[in-house]
Amino acid sequence: QVKLVESGGGLVQAGGSLTLSCAASGSVFAVTSMGWYRQAPGEERELVALTTRGGKRYADSVRGRFTISRDNNRNAVHLQMNSLKIEDTAVYYCNLKDVLDDSEGNYWGQGTQVTVSS
């Protein structure tokens, strides 16, 4: 079983910065992607940023402000968030997908709250 532990959320003023981190432990096989999603109250969970073997992908709303990076040696992923806006307020979830033969794994962290105030 794979466990994802997130850290780095908190309260920040608009225009400020935060860095989220996520580390995976357990039986991680061939990782196909690691990324961050977020869910605001009353909204559906949405992709924020993703890193795969083919590159990185960002939501339009965060491109140019957020940067995702991955530490392959430790199966960890980080999200540097700059120029934060009130609308970035949400619970942020780390996600890891891996594969072993024909079996795909899809794992989620417990979520970390990010609150941006005016």
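The model is predicted. Side chains of opposite charge can pair when their charged atoms come close. In this model the count comes to five salt bridges. Arg38, Glu46, Arg65 and Asp88 are joined in a network of such bridges.

**The bridge between Arg38 and Asp88**

- Arg38 and Asp88 form a salt bridge in which the closest N and O atoms are 3.0 Å apart.
- This pair links distant parts of the chain, since Arg38 belongs to strand S4 (residues 30-39) while Asp88 sits in the loop between strand S8 (76-81) and strand S9 (90-100).
- The two residues are 50 residues apart in the chain.
- Arg38 has a relative accessible area of 5%, which is under 20%, and therefore counts as buried.
- Asp88 is likewise buried, because its relative accessibility is 1% and the limit is 20%.

**The bridge between Arg65 and Asp88**

- Asp88 also forms a salt bridge with Arg65, and here the closest N and O atoms lie 2.8 Å apart.
- This pair, too, links distant parts of the chain: Arg65 is found in the loop between strand S6 (55-58) and strand S7 (66-71), and Asp88 in the loop between S8 and S9.
- Arg65 is buried, because its relative accessible area of 11% is under 20%.

**The bridge between Asp60 and Arg63**

- Asp60 pairs with Arg63 in a salt bridge whose closest N and O atoms are 2.7 Å apart.
- Asp60 has a relative accessibility of 65%, which is over 50%, so Asp60 counts as exposed.
- Arg63 has a relative accessibility of 48%, a value between 20% and 50%, and so Arg63 counts as partly exposed.

**The surroundings of Arg38**

- The side chain of Arg38 makes a polar contact of 3.3 Å with the side chain of Ser61.
- A polar contact of 3.0 Å also joins the side chains of Arg38 and Asp88.
- Leaving aside residues up to four places away in sequence, Arg38 touches a set of residues that includes Glu44, Arg45, Glu46 and Val48.
- Among the other residues that Arg38 touches are Val62, Phe66, Glu87, Ala90, Val91 and Tyr92.
- Ser61 and Asp88, the partners of Arg38 in these polar contacts, are also among the residues that Arg38 touches.

Technical notes: Residues numbered from 1 in each chain as written. Predicted model: local features only at pLDDT ≥ 70, side-chain atom pairs only at ≥ 80, totals over all residues. Heavy atoms only, no water. Salt bridge = Lys/Arg side-chain N within 4 Å of Asp/Glu carboxyl O. Helix = DSSP H or I, 4+ residues; strand = E, 2+ residues; numbered from the N terminus. Buried < 20%, exposed > 50% of the residue type's maximum accessible area, 1.4 Å probe, protein only. Polar contact = N/O pair within 3.5 Å; in protein donor to acceptor, adjacent residues only side chain to side chain. Contact = heavy atoms within 4.5 Å.
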